[in-house]
Amino acid sequence: MSNNIKTIHPKGLYVLFFTEMWERFSYYGMRAIFVLYLAAKATGLNPGVGWEKADALALYGWYTMMVYVMAVPGGIIADRFLGQKKTVMLGGFLLCIGHLILAFDTLTAFYIGCVFVVLGVGALKPNISSMVGSLYKKNDPNRTKGFTLFYIGINIGAFTAPLLVGYVGETINWHYGFGLAGIGMLIGQMVYIWGQKYLKGVGDFVPKPLDTNSGKVAKVPLTKIEKDRMVVLGLTFLIAIIFWGAYEQAGGLMNLFTKESINRTIGSATVPTSWFQSLHAFYVILIGVPVAFIWNQLRKKGKPSSTIFKMGIGTIITGLGFIFLAKAALDASAVTNGQASMIWVLIAYLLHVVGELSISPIILNFITKLAPVKYAAMMMGLYFCATGFGSKLASIVGGAAFEGSTPLQVFTAICIFCVLFGLLLIVFVKKLNVLTHGADEEVEAEPVESA
Ligand code: PHE
């Protein structure tokens, strides 16, 4: 793509920016009301499905797991058959169909719609992110900025969706909400179709004539250094599962807890529960740049800032966020109306985002540095899987709050676990850094991107 003097970024970036913004709008909009709809009473003005909360969380867990696990076949389809550009187009169509099916008022439509969304996100999400990278040459200084802009697009979509889709779904009709998410996806798909002219040569299918030799290449044993790095990679995936397992309480347990145990009235108005699902994205937009700035300042002052160290700190901070949720749960059980102040939830989400910004933007880069070249694409796919497994873990742990345990116990347990795990990482940081064999040393300015 050509860069002229006026436009710093290739026009294709804006096409991908708006496509992904709308895709995330549909995804996060639907997600914001997913458990609320399933757990809402099946009677009344806006009937839900009337499920037990634990069941709603279990399905939510499968759903949020599968969307990212499907990123693996999504990547394979792009690499082997269609190229990224066409796979994104296919994913977009699947998403439009899925979201529109969700607008129908039956549980069967809900299931079928979810399957389409899972397949659609799997095809679209990993490939559109890679396409952003291919808009720039490897060493183009604008590359990082391009990713940062793209990530802002993601978060604008993720911020506005719960406000609009959540409001319509929760207060008018769940299915109008799902329909609205679908309209968002349709707009995204139209932008993508229209913008094809700006994506010439980006994400096209490149046949690999050497594929037949890959069997031979794969037999070459890993060197000692590569093996050590694989150990660190394995640990990185474990950190990802634990971090997302805590962070992804948001759309599940935290969503249901906010509905029941948080006082959402401001003056005479009541804030819809789903609106709290906007907070992550809101905070990312608000503090994304300052947090990156702080890490850079620390780095300049020679303070340790290896990726593993940051991941440890991020896990601890995320864990600490749960103290405020435990406080809210304590308060709620102490008062007659059973509801605590929303301030605790607002602080918890803030700490979760500080944690996210210490982990998510650097992890992809870390994986590319550690993975042996021949496994690079596979490792990326596995990272998406790890985020998916984290989401399922979140729903299992969150579900315990309604099956034998209480939200207070679950929040406290997550807090203790994350803090201890993070501390353990920090204790072993030097040893683990040795195992990276210098792969993590050339630390550049951190982009504010994560996907
Ligand atoms: N906010 C990010 C996004 O929706 C969260 C995420 C990170 C999702 C990494 C998948 C993988 O894109």
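Okay, hi everyone. Keep in mind throughout that we're looking at a predicted model.

The largest cavity has a volume of about 400 Å³. Its lining is made of 25 residues, and if you want to find the middle on your screen, look for Tyr28, Tyr68, Tyr151, Trp244 and Glu356, which lie nearest the centre.

Which helices build that lining? Six of them give at least two residues each: α1 (11–39), α6 (142–172), α9 (224–247), α11 (279–300), α13 (343–370) and α14 (376–399). As for what kinds of residues you'd meet there, the lining of the largest cavity has 13 nonpolar, 7 polar and 5 charged ones.

Now on to a pocket. The second largest pocket has a volume of about 410 Å³. Here 21 residues do the lining, and the ones nearest the centre are Leu36, Ala39, Ala40, Lys41 and Lys259. Three helices, α1, α6 and α10 (250–261), each put in at least two residues. Which of them gives the most? That's α10, with 3 residues. Sorted by class, the lining of this pocket comes out as 9 nonpolar, 6 polar and 6 charged.

You'll have noticed α1 coming up for the cavity and again for the pocket, so let's stay with that helix for a bit.

Take α1 with α6. These two pack at about 35°, and their axes are 6 Å apart. The crossing is right-handed. In the contact between α1 and α6 there are 21 nonpolar, 7 polar and 3 charged residues.

Then there's α1 with α4, which covers residues 84–102. The angle for this pair is about 35°, and the axes sit 12 Å apart. What about the handedness, left or right? For α1 and α4 it's left-handed. On the α1 side, the contact uses Glu23, Ser26, Tyr27 and Met30, while α4 brings Leu95, His99 and Leu102.

Let's go back to Ala39, one of the residues nearest the centre of the second largest pocket. Ala39 is in helix α1. Is Ala39 buried, exposed or partly exposed? Its relative accessibility is 22%, so we call it partly exposed; the cut-off for buried is under 20%. Leaving out residues up to four places away in sequence, Ala39 touches Gly50, Trp51, Lys53, Ala56 and Leu256. Look at Trp51 in particular: it's 12 residues along the chain from Ala39, and the two C-alpha atoms are separated by 4.8 Å.

Ile8 is exposed, because its relative accessible area is 51% and the cut-off for exposed is over 50%. Ile8 and Asn142 are 134 residues apart along the chain, with 7.7 Å between their C-alpha atoms.

Compare that with Ala240, over in helix α9. Ala240 counts as buried, since its relative accessibility is 0%. Setting aside neighbours within four places in sequence, Ala240 is in contact with Gly245, Ile363, Tyr383 and Ala386. Phe104 is 136 residues from Ala240 along the chain, and here the C-alpha atoms are 35 Å apart.

Another one to click on is Asn127, in helix α5 (residues 107–134). With a relative accessible area of 3%, Asn127 is buried. What does Asn127 touch, beyond residues up to four places away in sequence? The answer is Gly74, Gly75, Ala78, Gln84, Thr87 and Val88.

Last stop, His437, which is in the segment after α16 (429–435). Most residues other than glycine have a negative phi. His437 has a positive one, near 50°. And at 32% relative accessibility, His437 is partly exposed.

Terms used:
Residues are numbered from 1 along each chain as its sequence is written. This is a predicted model: local features need pLDDT of at least 70, side-chain atom pairs count only at pLDDT 80 or more; totals for chains, interfaces and linings use all residues. Side-chain values use heavy atoms; hydrogens and water are left out. On a 1 Å grid over the protein atoms alone, a cavity is a set of points where a 1.4 Å probe fits but cannot get out, and a pocket is an open set with protein on both sides within 12 Å along at least five of seven lines; lining residues have an atom within 4 Å of a point. Grid points are joined across faces, edges and corners, and a volume is the space filled by probe spheres set on the points. Helices (H or I, at least four residues) and strands (E, at least two) are DSSP runs, numbered from the N terminus. Ala, Val, Leu, Ile, Met, Phe, Trp, Tyr, Cys and Pro count as nonpolar, Asp, Glu, Lys and Arg as charged, and the others, Gly among them, as polar. Axes are lines fitted to C-alpha atoms, for helices over the stretch in contact, and angles run from 0 to 180 degrees between N-to-C directions. A crossing is left-handed if the near helix is turned anticlockwise from the far one by less than a right angle, and right-handed if clockwise. Contact means heavy atoms within 4.5 Å. Buried means under 20% relative accessible area, exposed over 50%, partly exposed in between (1.4 Å probe, protein chains only).
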